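User: I would like to go through the helix packing and the sheet of this model. Could you take my questions one at a time?

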Amino acid sequence: MSDLLERLRGRGWRLTSQRRVVAEVLDGEHVHLTADEVHARAAERLPEISRATVYNTLGELVTLGEVTEVSTDGRAKRYDPNAHHPHQHLVCTHCGTIRDVHPTDDPLAGLPADQRFGFTVTDAAVTYRGLCPACAG
């Protein structure tokens, strides 16, 4: 069983066949699919699943904090099931591929006290951009 499915079961979330297939499609460390990609993959496993059901399920998963919505450079939103493991994203500026990365530096430490303007900073989101090997080649 996937990590996401285990977390959802632990929360007592009712796993209908539609919800289960969406969670199974999202399973994986480097999965950052659009809603349409989730629907296409889910429909391969469960042909009767509707696009609305996929969108609603993704919305519920985001609200639960089990999936993170990732938006980059005006492209379609992507869904990241790696919500419980701190990480940043590496994005290809040409094709939009997104990979999870785990830098060793603390991004909060990089913000000097005089640049915090009195904020109590609790989180930082860093996105690294460049060309993936396929696009750079």
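Predicted model: local features only at pLDDT ≥ 70, side-chain atom pairs only at ≥ 80, totals over all residues.

User: At what angle do H1 and H2 pack, and how far apart are their axes?

Analyst: Helix H1 (residues 3-10) and helix H2 (residues 17-26) pack at an angle of about 140°, and their axes lie 8 Å apart. The two helices are therefore oblique to each other.

User: Which residues make that contact?

Analyst: H1 contributes Leu-4, Leu-5, Leu-8 and Arg-9, while H2 contributes Arg-20, Ala-23, Glu-24 and Leu-26. By class, the contact residues comprise 5 nonpolar and 3 charged, with no polar ones.

User: Which residues in H2 are buried?

Analyst: Arg-19, Val-21, Val-22, Ala-23, Val-25 and Leu-26 are buried in H2.

User: And what covers them?

Analyst: The cover includes H1, helix H3 (35-45) and helix H4 (51-64), together with strand E1 (33-34) and strand E3 (78-80).

User: What follows H2?

Analyst: Gly-28 follows H2, and its phi is positive, near 140°.

User: Changing topic: what is the strand order in the sheet?

Analyst: The sheet is open and has 3 strands in the order E1-E3-E2, with antiparallel pairing. E1 and strand E2 (68-70) are the edge strands, each pairing on one side only.

User: How many bridges join E2 to E3?

Analyst: There are 3 bridges between E2 and E3, and these strands run antiparallel.

User: Which residue in E3 is the bridge partner of Val-70?

Analyst: Val-70 has Arg-78 of E3 as its bridge partner.

Note on methods
Residues numbered from 1 in each chain as written. Heavy atoms only, no water. Axes fitted to C-alpha atoms, helices over the stretch in contact; angles between N-to-C directions. Helix = DSSP H or I, 4+ residues; strand = E, 2+ residues; numbered from the N terminus. Parallel < 35°, antiparallel > 145°, perpendicular 65-115°, else oblique. Contact = heavy atoms within 4.5 Å. Nonpolar A, V, L, I, M, F, W, Y, C, P; charged D, E, K, R; others polar. Buried < 20%, exposed > 50% of the residue type's maximum accessible area, 1.4 Å probe, protein only. Pairing = 2+ DSSP bridges.
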